[in-house]
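Student: I'd like a close look at one part of this model, followed by how it relates to the rest of the chain. Please keep it in one connected account.

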Amino acid sequence: MADTQEIKIRKGQGFNLAVMDAVHNGQENNPKYIYKKFIYYYSLADVVQGSDIDMIQEVVDSKDFDAVMKLLAETMR
């Protein structure tokens, strides 16, 4: 399990990305949008940081990757 400092860093990164995403999409005054994106980026960081490079490459190379990412993006709107 990640220690407290790693969790704080991951949360900070997730929040920063969520705010950047919100600003980019004109949603900087929409807290629900920011929180949803925070959960998305925090979860993504958790998965990536908990996986080795070979597994990440295998997922990216999957024939279903683009469709899954599109569905995820649509769901997170």
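Tutor: Gladly! Let's take helix α2, whose buried residues are Tyr33, Ile34, Lys37, Tyr40, Tyr41 and Ala45. Looking down the axis of α2, these buried residues fall within an arc of 130° (taken from the directions from the axis to the C-beta atoms), so they line one face of the helix. Buried here means under 20% relative accessible area, exposed over 50% and partly exposed in between, with a 1.4 Å probe and protein chains only. This is a predicted model, in which local features need pLDDT of at least 70 and side-chain atom pairs count only at pLDDT 80 or more, while totals for chains, interfaces and linings use all residues. Residues are numbered from 1 along each chain as its sequence is written, and side-chain values use heavy atoms, without hydrogens or water.

An α-helix has 3.6 residues a turn, so residues three or four places apart point the same way. On the face of α2 turned away from its buried side, you'll find the exposed residues Lys32, Tyr35, Ile39 and Val47. The element itself runs over residues 31–49.

Now for the setting. The protein has four helices and zero strands (DSSP runs: H or I of at least four residues for helices, E of at least two for strands, numbered from the N terminus). Its order along the sequence is α-α-α-α. Along the principal axes, the C-alpha trace spans about 40 × 35 × 15 Å. Of the 77 residues, 16% count as buried.

From the buried face of α2, Tyr33 leads us to helix α1, where Asp21 is found. The side chains of Asp21 and Tyr33 make a polar contact of 2.4 Å (N or O atoms within 3.5 Å, one able to donate a hydrogen and the other to accept it; neighbours in sequence count only through side-chain atoms on both sides). Asp21 has another such partner, the side chain of Asn25, at 2.9 Å. With a relative accessible area of 11%, Asp21 is itself buried.

Arg10 also sits in α1, which covers residues 4–24. The side chain of Arg10 is joined to that of Asp46 by a polar contact of 3.0 Å. Like Asp21, which is buried, Arg10 counts as buried, with a relative accessible area of 9%.

Val48, also in α2, has 41% relative accessibility and therefore counts as partly exposed. Its C-alpha atom is separated by 17 Å from that of Gln5, which is 43 residues away along the chain.

Finally, compare Lys37, one of the buried residues of α2, with Asp61, which lies in helix α3. These two are 24 residues apart in sequence, and their C-alpha atoms are 24 Å apart in space. Asp61 is exposed, at a relative accessible area of 55%, and its side chain makes a polar contact of 2.9 Å with the side chain of Gln57.

To return to where we began, α2 has one face lined by its buried residues, and the face turned away from that side carries exposed residues, among them Tyr35 and Ile39. Tyr33 on the buried side has its side-chain contact with Asp21, a residue of α1.
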